[in-house]
Amino acid sequence: MRTTFLSTSALLSLALLTACTTSPDGQQNSSSASSAQTSVSDSQVMIQISAPHANATVTSPLTVTGQARGNWYFEASFPVRLLDGNGNEIAITPAQAQSDWMTEDFVPFVATLNFTTPATPTGTLVLEKDNPSGLSENAAEVRIPVAF
């Protein structure tokens, strides 16, 4: 799977973009991450993360906040996973919409992950577009590097 990491400033200023997401089969959705930062339209931004910032040191419980377009959700939630530096899942929880998710507009979300600090010094926070169809063309995710 191809993984996309963004700098803190790109993550916060531009938000996480569909252009910076990858599907489970490794296909990048839309344009490349480097060109996306200069040519993305507001309608292409799918998710914005308020916390944590890229490369932040995280502890348990970890609260993840931001906003995502309504079609990132299914039944008002989407999965959030925390991986250690070896790619092992150490926590998973649904991010919950904080208002009506049946829209194309941004909807605030919150997720809280409880975990035991792993032996690895770094890890990855994964926010997955909920994909009840299981079809690869409907899948997307964003990955945020974190430190423990």
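**Strands, core and aromatic pairs**

Strand 3 and strand 6 pair in the antiparallel sense over 8 bridges; strands are DSSP runs of E, at least two residues, numbered from the N terminus, and two of them pair if DSSP finds at least two bridges between them. Here Gly66 has Phe109 in strand 6 as its bridge partner. Strand 2 also runs antiparallel to strand 3, joined by 4 bridges, and Ala51 stands opposite Thr65 in strand 3.

This is a predicted model, in which local features need pLDDT of at least 70, side-chain atom pairs count only at pLDDT 80 or more, and totals for chains, interfaces and linings use all residues. Residues are numbered from 1 along each chain as its sequence is written, and side-chain values use heavy atoms, without hydrogens and water. The chain averages a pLDDT (the predictor's confidence in each residue, from 0 to 100) of 79.

Trp72, Tyr73, Phe78 and Phe109 form one aromatic cluster. Rings of Phe, Tyr and Trp (its six-membered ring) pair if their centres lie within 6.5 Å; planes under 30 degrees apart are stacked, over 60 edge-to-face and the rest tilted. The count is 4 aromatic pairs. Trp72 and Phe78 are edge-to-face, 6.4 Å centre to centre with 90 degrees between the planes.
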